[in-house]
Amino acid sequence: MESLNNTEKKFFQETDKNTLIKSFLAHLEYSLAKDEYSATTRDLFEAIALTVRDRLIERWIQTQQQYYKNDAKRVYYLSMEFLIGRTLGNSLINLGLYETIEQVAHELGYELEELKEMEYDAGLGNGGLGRLAACFLDSMATLEIPGYGYGIRYEYGIFSQKIKDGNQMEKPDNWLRYGNVWEFERPEYLYPVHFYGHIEQFYDDQNELVTRWVDTQVIMAMAYDIPVPGYNNNTVNNMRLWSAKSTREFNFDYFNDGDYEKAVAQKVATETISKVLYPNDNVSLGKELRLKQEYFFVSATLQDILRRYKKTNQDFNNFPDKVAIQLNDTHPSLAIPELMRIFVDTEQLSWEEAWDLVVRTFAYTNHTILPEALEKWPIFLVEKLLPRHLQIIYEINYRFLKEISKKYPDDIEKIRRMSIIEEGKEKTLRMAYLSIVGSHSINGVAELHTEIIKDRIFRDFYELWPERFNNKTNGITQRRWLRLCNPGLSRLITEKIGDKWVVDLFDLKKIAPYKDDNEFRKRWQAIKAQNKAKLIKYIEDNNGITVNPNSLFDIQVKRIHEYKRQLLNILHIITLYNRIKTDPSSIKVPRTVIFAGKAAPGYYIAKLIIKLVHSIGEVINNDPDVGDKLKVVFLADYSVSLAQIIIPAADLSEQISTAGHEASGTGNMKFALNGALTIGTLDGANIEIKNEVGDENIFIFGLKSNEVEQLRSKGYNPWSYYNTDMELKKAVDMINQGFFSKSKVFLFKPIIESLLDFGDRYMLFADYRSYVECQEKVNQVYLDQDLWTRMSIMNVANMGQFSTDRTISQYANEIWKAKSISIKMPK
């Protein structure tokens, strides 16, 4: 088969305005069968997207060919979540086409901003974990690392959050309703994934034990590929997502008998696996489906990895030299016993040889500090779904504990603590322990987090294998989180120092001297005002609330969880309200406090916190004594695209989790990169942000991590704080006595019970006074806009450390041992 010659291909590579217009019109007519009269706004978006996609495809193909040609070591990033957001804007930035396509759209009579709104957010993640994974893929492509993302193509992503009477309502997020213009269906990459069944073992003619997993239920995994372009280079890496397909589409016997539902029942049940992100695991069927999802995607992924490896390798001696697999938290941890199963049962390697290859291949990133958040699975469920894998896990554990017994012969308690299998009323599989034992590298995602996992959570393992543990502080991609989302600030920075910062964020240090330039500060302030105006319009359009543009925009956007302490923010809001009611002239700085974030559907207290925010807002926003001095806003359905509106508009970034509870956080980095000042505890990456920007450019309050532990061990008593701090007591009593819920006086009683009667686990009361006083310092600084702007500039100037380019460089050099490959296009 002949392919297009280079001259013919050139049309799809050209990026001049006239060629792009021709390409757009051709796609509108020949790909979408529309003309200028029948085309909808969505058609216009798709024609633009297809035009951009054309400029990716040859680079994409060349990238894969040159990886084969160079026999490259490939990195496989396994994640249950990829919070991708919209793709068009990011692709335009990385291809250097944003301004040109903007002109193309304008000349054709359209506005690019309007067309971009037609793209659904790909919400295949819950929050920071999935957004980090998406940022990592962007950085791998930009750094020319041969990298692949693997996950699940959920038909429904993270739920769409609706607010009704202040309550969160969950609706399906049907992001694929109109298809996904960026993806390519790959029916040729269709792999069987097995569940249930039983094990048969026998000795063959050579007296070797043969193990077979038989009578299984088979589900097919089909690949869908999305190109991931690097910035200003020819690399286009691949994200491959798996969709579940039935082995039988239709049962004709049932159909002929008139049982139409049963005729397609197997197909429907099978394809449920990739139907929805995070099924409710409060019920047993939800747990089983969740475990199925985890195995489904790692089984298909490993089959795909091995297919690719075998193209250029005859045996497995070089496997860890050509393959690096990074586990993004414990969700993909079943890849460890699955690769062992393939090596031992299918490829007939000895256990010792297989285990050596497995450990040298896998690396594990831990993302949580909370012990109860560490993933565990009931043994009976693993045995039911994956009987062979449970046998392999038992063998891994047996050999591991044997090693521990030799090293610590009399320490039965240590052996019990370190076992991959947790004994108890219900036996469970500790996924984090499986990940640690089966990996050559275990990393935390911030310096404090890494110290906590070494000293506390995984201390026994750190003492055994100190060389395996390391820190890789998280980051963000500046291409999306400054260049794309904050074009005004990006232009100002580039005008002064050039655009090297887009690939080397440390170059932002060059803007530091401009803090003393009065004209530069005025332009900086004007850009912030423009970004705030955009958010004000969004709030008016979606919430019907009029916001004071001169108010301090105090923003806390993140998953709703007690340890993230939205409640502490709420207590401060009530305190401000009470001060206004007592003496309106005492408030010198007007505030707009903005919340956004989703609560897990089964997390009752978190959903009640959302209701409380709305109830407080209803009172404060309609109190004539308050006026525009204080407003409370909750923005529904937080997403990547909404974050790109909110973050550039922020004055103050709330990063107020209890010290020692947030692994890293990346929202803190996004806000600081866009010039917001941080108020926060010494938790997660806040510590490293403080070290970079300087103590004088951040607002720190509250207990340190070690002080939290000391207070807890002494016996923390929230009542003592409640009884001695009158402002705190008044705020708590107002919630408890129904001031914000007059029709249901006891509506918020469970929240107050969690704080007073059940011990205030996250120590809001202990940090309350420090927080309020720190907020008063914020007000003082905000009154001096020159000082505030200088601090804002210094935050942006010192964010170089927090690019995922730096993070990925460290992973590549220190864990994966992967080299970059520069992709050359044929002339």
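**View 1. Helix H19 and the elements that pack against it.** The buried residues of helix H19 (residues 447-457) pack against strand S17 (441-444), helix H20 (459-464), strand S18 (469-471), helix H28 (686-693) and helix H29 (705-714). Those buried residues are Leu 448, His 449, Thr 450, Ile 452, Ile 453, Lys 454 and Ile 457. Helices (H or I, at least four residues) and strands (E, at least two) are DSSP runs, numbered from the N terminus. Buried means under 20% relative accessible area, exposed over 50% and partly exposed in between (1.4 Å probe, protein chains only). This is a predicted model in which local features need pLDDT of at least 70 and side-chain atom pairs count only at pLDDT 80 or more, while totals for chains, interfaces and linings use all residues. Residues are numbered from 1 along each chain as its sequence is written, and side-chain values use heavy atoms, with hydrogens and water left out.

View 2. Let's begin with Thr 19, which lies in helix H2 (residues 17-31). Thr 19 counts as buried because its relative accessibility is 12%. Its side chain makes a polar contact with the side chain of Asp 16, at 2.6 Å; such a contact is a pair of N or O atoms within 3.5 Å, where within protein one must be able to donate a hydrogen and the other to accept it, and residues adjacent in sequence count only if both atoms are side-chain atoms. The axes of H2 and helix H3 (residues 41-69) come within 8 Å and cross at roughly 120°, so H2 is oblique to H3. Axes are lines fitted to C-alpha atoms, for helices over the stretch in contact, and angles run from 0 to 180 degrees between N-to-C directions. Angles under 35 degrees count as roughly parallel, over 145 as roughly antiparallel, 65 to 115 as roughly perpendicular and the rest as oblique. Thr 19 is one of the H2 residues that meet H3, and Leu 44, Ala 47 and Ile 48 are among the H3 residues there; contact means heavy atoms within 4.5 Å.

View 3. Helix H16 (residues 387-407) has 21 residues, so at 1.5 Å a residue it should span 30 Å, and its end C-alpha atoms, 31 Å apart, agree with that. The expected span is 1.5 Å times one less than the number of residues. Buried residues of H16 include Arg 388, His 389, Ile 392 and Ile 393. The axes of helix H13 (residues 335-346) and H16 come within 9 Å and cross at roughly 95°, which means H13 is roughly perpendicular to H16. Pro 337, Glu 338, Met 340, Arg 341 and Asp 345 of H13 make this contact with Arg 388, His 389, Ile 392 and Ile 393 of H16.

View 4. Buried residues of helix H22 (487-497) include Leu 489, Leu 492 and Ile 493, and their cover includes helix H21 (478-484), H23, helix H27 (667-673) and H34. Just after H22, Gly 498 takes a positive phi of about 85°. Ala 512 lies in the loop between H22 and H23 and is buried, with a relative accessible area of 16%. Leaving aside neighbours within four places in sequence, Ala 512 is in contact with Met 794 and Ala 797. The axes of helix H23 (residues 518-543) and helix H34 (residues 785-797) come within 10 Å and cross at roughly 85°, so H23 is roughly perpendicular to H34. Among the residues that meet here are Trp 524 in H23 and Ile 793 in H34.
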